[in-house]
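Hi,

Here is the structure I said I would pass on.

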Amino acid sequence: MTERPDGHELVPISQLLSYRLSRTSAALSRSAALRYRREFDVSLGEWRAIALIAADPTLTLNRLARRAGLDKAQMSRVVAKLVERGLVNRTAASGRTSRLALTEDGLTVYRGLIVAANERDAAFLGLLTSAETEILERALDKLADAALVVEQEERERDTKP
């Protein structure tokens with residue numbers, strides 16, 4: 001087998017860090033989506049929008065989409081459903097933008113969702129010792145920082161002729 005640049009043998013996809021993190025993240029998201037749909041009748045995208053709006057009531061659709069990691073069209077559809085259900089209000093802001101805010105019903109749903117999300121978080125973190133949790137948090141911070149740098153480098157490579 002060929003060696004990687006670090007001198008180790010190449011590994012199959014199932015052992016690649018990005019693949020393992022992606023699969024773990026997907027499983028966490030799928031189980032959350034099932035619970036949030038069952039208990040609160042919201043999709044995972046709706047939950048994320050609700051939570052992000054609750055955390056920052058000055059959000060516009062564009063900023064919400066960026067924070068949620070969705071494109072503007074996807075987020076627009078999510079927000080439209082939330083507005084239709086009476087969970088989110090849109091109010092005119094400068095230019096063609098609008099500010100998003102949770103309605104009273106939206107706040108009620110958010111409170112239930114955030115309790116459920118915290119329960120899930122505690123259950124998963126409860127599988128780890130406090131030392132493991134601390135190491136995981138530091139490792140995730142390092143990986144997230146490095147991933148952003150690599151992403152920017154890849155974007156720069158894409159823009160070069």
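Below is what turned up on helix packing and pockets.

First, the ground rules: this is a predicted model, where local features need pLDDT of at least 70 and side-chain atom pairs count only at pLDDT 80 or more, while totals for chains, interfaces and linings use all residues. Residues are numbered from 1 along each chain as its sequence is written, and side-chain values use heavy atoms, with hydrogens and water left out.

**Helix packing**

Start with helix H1 (residues 17–40) and helix H5 (residues 104–125), which pack at an angle of about 145° with axes 11 Å apart. (Helices are DSSP runs of H or I with at least four residues, strands are runs of E with at least two, and both are numbered from the N terminus. Axes are lines fitted to C-alpha atoms, for helices over the stretch in contact, and angles run from 0 to 180 degrees between N-to-C directions.) On the H1 side, the residues that meet H5 are Leu28, Ser31, Ala32, Arg35, Tyr36, Glu39 and Phe40; contact here means heavy atoms within 4.5 Å. Their partners in H5 are Val109, Gly112, Leu113, Ala116, Ala117, Glu119, Arg120 and Phe124. By class, that contact has 9 nonpolar, 2 polar and 4 charged residues (Ala, Val, Leu, Ile, Met, Phe, Trp, Tyr, Cys and Pro count as nonpolar, Asp, Glu, Lys and Arg as charged, and the others, Gly among them, as polar).

H1 also packs on helix H2: their axes come within 9 Å and cross at roughly 85°. H1 and H2 are therefore roughly perpendicular to each other, a label for angles of 65 to 115 degrees. Ser29, Ala32, Ala33, Tyr36 and Arg37 of H1 touch Leu44, Glu46, Trp47 and Arg48 of H2.

H2 and H5 pack too, at about 105° with axes 10 Å apart, which makes H2 roughly perpendicular to H5. From H2 come Trp47, Ile50, Ala51 and Ala54, and they meet Gly106, Val109, Tyr110, Leu113, Ile114 and Ala117 in H5. This contact has 9 nonpolar residues, 1 polar and no charged.

**Pockets**

The largest pocket holds about 950 Å³ of space. (On a 1 Å grid over the protein atoms alone, a pocket is an open set of points where a 1.4 Å probe fits, with protein on both sides within 12 Å along at least five of seven lines; lining residues have an atom within 4 Å of a point. Volume is the space filled by probe spheres set on the points, which are joined across faces, edges and corners.) Of its 23 lining residues, Ser25, Leu28, Arg120, Asp121 and Phe124 are the closest to its centre. H1, H2 (44–55), H5 and helix H6 (130–159) each supply at least two lining residues, and H1 gives the largest share, 7 residues. The lining has 15 nonpolar, 4 polar and 4 charged residues.

The second largest pocket has a volume of about 160 Å³. Its lining includes Thr60, Asn62, Lys72 and Arg90, and divides into 2 nonpolar, 4 polar and 3 charged residues.

Cheers

Technical notes: Angles under 35 degrees count as roughly parallel, over 145 as roughly antiparallel, 65 to 115 as roughly perpendicular and the rest as oblique.
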